[in-house]
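The report below works through the arrangement of strands, helices and nonpolar residues in a single protein chain. It is meant to be read alongside the sequence and the coordinates.

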Amino acid sequence: MIALLFLIFSVPAQAGAVCGITGDLAARVSNCSTDKTVKKFTWSLVTRDERGQETWLDRASGLVWSDVLDGTYTHFDAIQYGSSYPKQLACGTQLVRIEGLKPWRLPELTEFFEGYGHRYWQILHAPHELIWAATLDGSDRDAAHAVFGNSSPDYGVFHRGKKFFVRCVAGSK
């Protein structure tokens, strides 16, 4: 019985197979056992759920990136700014926390640029639509940055009431 369990959990994940659902980051990456290298950057599959949604670890930055969440959100619905820290509404409710990592949150604009450099758009589903960043536009608390989801590093500033996609990150930053 133990040998059978070892065999089941040591076989690399098949394309589309559920993997990495429980445990800490190292256990999930080991269970999925899938790496992709694009240019010089290595990404490791962390989780694939029954719907095919994936999360990937960017080995260079240490951040775990989610697929785009289902549906679109206003920035107000995705994140709420309080007096001391932002409350992650969309990321905190749709994604299960990974043991040992800081909670899921919207990426900052600078993290999108870093992820772009590390080719996240070749690893994760990248819609040709806008994706909210956590970064507000200076002193205007009603405007925030959004990046284009495809292979472009372009971004814009939009009223937080518009509905765009959300992608989340978790990690040590």
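What follows describes a predicted model, beginning with a sheet and then turning to helices and cores.

**The sheet**

The model contains an open sheet of 5 strands in the order β1-β2-β3-β4-β12, and the pairing is antiparallel. Strands β1 (35-38) and β12 stand at the edges with a single partner strand each, so one side of each is left without a neighbour in the sheet. From one strand to the next, the twist averages 30°.

| Strand pair | Bridges | Bridge partners |
|---|---|---|
| β2 and β3 | 5 bridges | Arg 48 and Glu 54 |
| β3 and β4 | 3 bridges | Thr 55 and Ser 66 |
| β4 and β12 | 3 bridges | Val 68 and Arg 167 |

Arg 48, which belongs to strand β2 (residues 41-48), is linked to Glu 54 in two ways: Glu 54 in β3 is its bridge partner, and a polar contact of 2.8 Å joins the two side chains. With a relative accessible area of 7%, Arg 48 counts as buried, because the cut-off for that class is under 20%.

Strands β3 (residues 54-58) and β4 run antiparallel and form a hairpin with 5 residues between them, where Gly 62 in the turn has a positive phi of about 85°. Strand β4 (residues 64-68) is mostly covered, since 5 of its 5 residues are buried.

**Helices across the sheet**

Helix α2 lies across β2, β3 and β4 and runs at about 90° to β2, whereas helix α5 lies across β2, β4 and β12 and runs at about 90° to β4.

Within α5, the residues Leu 109, Glu 111, Phe 112 and Gly 115 are buried. Viewed down the axis of α5, its buried residues fall within an arc of 160°, so they line one face of the helix. Just after α5, Arg 119 takes a positive phi of about 70°.

Leu 109 is located in helix α5 (residues 109-117), and its relative accessibility of 9% places Leu 109 among the buried residues. Setting aside neighbours within four places in sequence, Leu 109 is in contact with Ala 133, Thr 135, His 145, Val 147 and Tyr 155. Of these contacts, His 145 is 36 residues away from Leu 109 in sequence, while the C-alpha atoms of the two residues are 7.1 Å apart in space.

In soluble globular proteins, nonpolar side chains tend to be buried together. Here the largest nonpolar core has 26 residues, of which Leu 25, Val 64, Trp 104 and Val 166 touch the most other members. At least two residues of this core are supplied by each of α2 (25-32), α4 (89-94), β8 (130-137), β9 (140-148) and β12, and the largest share, 4 residues, comes from β8. A second, separate core of 21 residues includes Phe 41, Trp 121, Leu 124 and Ala 126.

Which residues does Val 166 touch, not counting residues up to four places away in sequence? The list for Val 166 comprises Asp 67, Val 68, Leu 69, Tyr 73, Ala 78, Ala 90, Cys 91, Leu 106, Ile 131 and Trp 132.

Definitions and conventions: Residues are numbered from 1 along each chain as its sequence is written. This is a predicted model: local features need pLDDT of at least 70, side-chain atom pairs count only at pLDDT 80 or more; totals for chains, interfaces and linings use all residues. Side-chain values use heavy atoms; hydrogens and water are left out. Buried means under 20% relative accessible area, exposed over 50%, partly exposed in between (1.4 Å probe, protein chains only). Contact means heavy atoms within 4.5 Å. A polar contact is a pair of N or O atoms within 3.5 Å; within protein, one must be able to donate a hydrogen and the other to accept it, and residues adjacent in sequence count only if both atoms are side-chain atoms. The arc is that of the directions from the helix axis to the C-beta atoms. Two strands pair if DSSP finds at least two bridges between them. A nonpolar core is a set of buried Ala, Val, Leu, Ile, Met, Phe, Trp, Tyr and Cys residues joined through side-chain atoms within 4.5 Å. Axes are lines fitted to C-alpha atoms, for helices over the stretch in contact, and angles run from 0 to 180 degrees between N-to-C directions.
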